[in-house]
Each structure stands twice: as C-alpha cells, then as structure tokens.
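Please keep the sequence and the structure in view while reading.

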Amino acid sequence: LQAERLAASAMPQEARARLGALSAGLARARILLDQLLTLARAQESGGEQPTRVPLKKAIQDVLEDMVPLAEAKGIDLGVVGDADAPIGGRAMDVHILVKNLVDNAIRYTPEGGRIDIGVAAAGERIVLDVDDTGPGIPPAERERVFDPFYRVLGSGEIGSGLGLAIAASIADRIGATISLLDRPDGAPGLRARVVFPTGAPPAR
C-alpha cells in the first residue's frame, strides 16, 4: 500500500525505475504467499471427508472469484455447454483445482482474449477442459510446468510457479489426471484438461 501511494508522488526517473522494481518484487511476494496458503489449505483436509462434489457448482463459484480479473483484461470468460456431473473428492480440493487452472489461463491470455470452460462425459469419466488463447506452452515443457516453482522463461508474467503444481497434486489425490494439450481447433493457445473418475470418491 505504501509503495502504491509512493508511486503517485513526483520523483526523479531513476527513483521511479527503482520503485518499479520494488513494486514488481512485492507483487511476486504477494502471489507466492497466496499460493503457499492455498497449498497449505489443499494439504490439510481438516477432517473433511471425500464426497460427491457437483462440478458445475464448483465452476460457478470459481467464476464469481475470477470474472473481475478477466474483465480487467477484456477477456471473454465463460462456460461452454451445460453438462454437469458430481465427482469424487473434497469440495475445497475441487474448487482450488479449478480456480488454479482458470487463474493460470487468465494470467497468460493477452488482453481481449478468450477462455472457454467445458465439461463433458466420456464413458466412465468426466472431462474438464479450460481452453485459452494465450501463447501456449512448448510441448517439451508441458510436464515440467507441473514441478513446484518452475516457470516458462520469457512469459513476461509475474507468478510463483506453484499454481499448476498445486493443481497436479490435488488431481493425483482425488484420482484424476491432468494434462496440457494443443487446442483441438488448431488455434494458438492451450487446453488444460482434467479427467475425473466417476466411481466412489477416494479415501485419501
């Protein structure tokens, strides 16, 4: 807050450049703290037992949190289709998983872009897709971005490198699989896909 107030004051160009570096460092620290707190919440079950979580409700709750961030960048964020299915897991885990994928898409989608969230049934599984129109991730790095603190160089975005690692950890715990794919329409961007089992929720 003090740094933001200081930015509104008149100062030499050199001092403003140093303030910019300070503000960027503060932003990185804030994101890191937020993600570490999210990781702690995800790792602590708090006695909550696995249950059947309506995926559509989890997506709606995430959209309420993330729409203002998308609107600030002029991003068209919405849900494609109206499919719904309960999945096995803890409500907080599912919420954090979906939110981290959507947050990652917003962060790397340029202004005026588009993010589509889709849910579909595939036999005995439920598929969640988050499609964005960002720069994508080179295939050679798509596995590494799930490692804690790993970030793709040259992205120009401030981040902690924990978002996808947290999502992958939750997916593993609830028996889901997560992957990063090319968009099926061949357009630039990325598809983050989570495949949820529809069987009994895992007791982990």
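**A sheet and a cavity**

Strands E5 and E7 pair in the antiparallel sense, with eight bridges between them. The model that shows this pairing is predicted. In general, the strands of a sheet pair through backbone hydrogen bonds, in either a parallel or an antiparallel manner.

**Confidence of the prediction**

- The mean pLDDT of the protein is 82, and 81% of the residues score at least 70.
- Among the elements, helix H2 (residues 13-43) has the lowest mean pLDDT, 71, whereas strand E6 (residues 177-181) has the highest, 95.

**The sheet as a whole**

- Five strands form an open sheet in the order E2-E4-E5-E7-E6, and their pairing is mixed.
- Strand E2 (76-80) and E6 stand at the edges with a single partner strand each, so one side of each has no neighbour in the sheet.
- On average, neighbouring strands of this sheet are turned by 15° against each other, direction ignored.

**Strands E4 and E5**

- Strand E4 (residues 114-122) and strand E5 (residues 125-132) are antiparallel and are paired over eight bridges.
- The two strands E4 and E5 form a hairpin with two residues between them, and Gly123 in the turn has a positive phi of about 65°.
- Ala122 stands opposite Arg125 in E5, and Ile115 stands opposite Asp132 in E5.
- Seven of the eight residues of E5 are buried, so this strand is largely enclosed by the rest of the structure.

**Strands E7 and E6**

- Leu128 has Val194 in E7 as its bridge partner.
- E6 and strand E7 (residues 190-197) run antiparallel and are joined by five bridges; Thr177 stands opposite Val195 in E7.

**Enclosed space**

- Rolling a probe the size of a water molecule over the atoms shows where empty space is left.
- A search of the whole structure finds three cavities of 30 Å³ or more, and the largest cavity holds about 60 Å³ of space.
- Helix H4 (91-108), E5 and E7 each supply at least two residues of the lining of the largest cavity.
- The residues that line the largest cavity include Leu101, Val130, Asp132, Leu180 and Arg191.
- By type, the lining of the largest cavity consists of seven nonpolar residues, one polar residue and two charged residues.

Notes:
Residues are numbered from 1 along each chain as its sequence is written. This is a predicted model: local features need pLDDT of at least 70, side-chain atom pairs count only at pLDDT 80 or more; totals for chains, interfaces and linings use all residues. Side-chain values use heavy atoms; hydrogens and water are left out. pLDDT is the predictor's confidence in each residue, from 0 to 100. Helices (H or I, at least four residues) and strands (E, at least two) are DSSP runs, numbered from the N terminus. Two strands pair if DSSP finds at least two bridges between them. Axes are lines fitted to C-alpha atoms, for helices over the stretch in contact, and angles run from 0 to 180 degrees between N-to-C directions. On a 1 Å grid over the protein atoms alone, a cavity is a set of points where a 1.4 Å probe fits but cannot get out, and a pocket is an open set with protein on both sides within 12 Å along at least five of seven lines; lining residues have an atom within 4 Å of a point. Grid points are joined across faces, edges and corners, and a volume is the space filled by probe spheres set on the points. Ala, Val, Leu, Ile, Met, Phe, Trp, Tyr, Cys and Pro count as nonpolar, Asp, Glu, Lys and Arg as charged, and the others, Gly among them, as polar. Buried means under 20% relative accessible area, exposed over 50%, partly exposed in between (1.4 Å probe, protein chains only).
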